[in-house]
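At each stop, select what is named and look at what surrounds it before moving on.

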Amino acid sequence: MKRSLITIALTLGCVAPAMADMALAKTRSCMACHAVEKKLVGPSFKDIAKRYAGQSDVAPQLASKIVKGGSGVWGPVPMPANNQVSEAESHKLAEWVLSFQ
């Protein structure tokens, strides 16, 4: 019984932050154009993480793009600015996206 409770606690500890960041991505409309595993209007979060794998300094750049938008990196469709996303939220989202490596 004790071992089962430890397993559950460890599992919830790993899932809770991922779910919280998914909730943030949903409330900030990220999921309107992105999905975790497949391309929608924009690239999947897994494809973004794969492209930037091993680049330790990329999270601040992605956080900036989340807020300011960007174009030309993933094709002709630009990513619009997301003024409703705070700087702290953009950093949390960038780290979350990069965690899909």
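Begin by selecting Cys 30 and Cys 33 and showing their side chains: the sulfur of Cys 30 lies 9.0 Å from the closest cysteine sulfur, which belongs to Cys 33, and this is too far for a bond. Keep in mind while you look that this is a predicted model. A disulfide is a covalent bond between the sulfur atoms of two cysteines. The cut-off used for such a pair is 2.5 Å between the sulfur atoms, and a search of the whole structure finds 0 disulfides.

Is Cys 30 buried or exposed? Cys 30 has a relative accessible area of 15% and is buried, because buried means under 20%. Cys 33, with a relative accessible area of 29%, is partly exposed.

Next, centre the view on Cys 30, which sits in the loop between helix H1 (2–27) and H2. If you leave aside its neighbours within four places in sequence, the residues in contact with Cys 30 are Ala 25, Phe 45 and Leu 93.

Met 79 counts as partly exposed, at 30% relative accessibility. Apart from its neighbours within four places in sequence, Met 79 is in contact with His 34, Lys 65, Ile 66, Gly 69 and Gly 70.

Finally, look at the largest pocket itself, which holds about 680 Å³ of space. Which residues lie nearest its centre? Of the 34 residues that line the largest pocket, His 34, Pro 43, Ile 48, Trp 74 and Met 79 lie nearest the centre. Colour helix H2 (45–51), helix H3 (58–68) and helix H4 (87–98), each of which supplies at least two residues of the lining, with H4 giving the most, 4 residues. If you then colour the lining by residue type, you will see 21 nonpolar, 9 polar and 4 charged residues.

Definitions and conventions: Residues are numbered from 1 along each chain as its sequence is written. This is a predicted model: local features need pLDDT of at least 70, side-chain atom pairs count only at pLDDT 80 or more; totals for chains, interfaces and linings use all residues. Side-chain values use heavy atoms; hydrogens and water are left out. On a 1 Å grid over the protein atoms alone, a cavity is a set of points where a 1.4 Å probe fits but cannot get out, and a pocket is an open set with protein on both sides within 12 Å along at least five of seven lines; lining residues have an atom within 4 Å of a point. Grid points are joined across faces, edges and corners, and a volume is the space filled by probe spheres set on the points. Ala, Val, Leu, Ile, Met, Phe, Trp, Tyr, Cys and Pro count as nonpolar, Asp, Glu, Lys and Arg as charged, and the others, Gly among them, as polar. Buried means under 20% relative accessible area, exposed over 50%, partly exposed in between (1.4 Å probe, protein chains only). Contact means heavy atoms within 4.5 Å.
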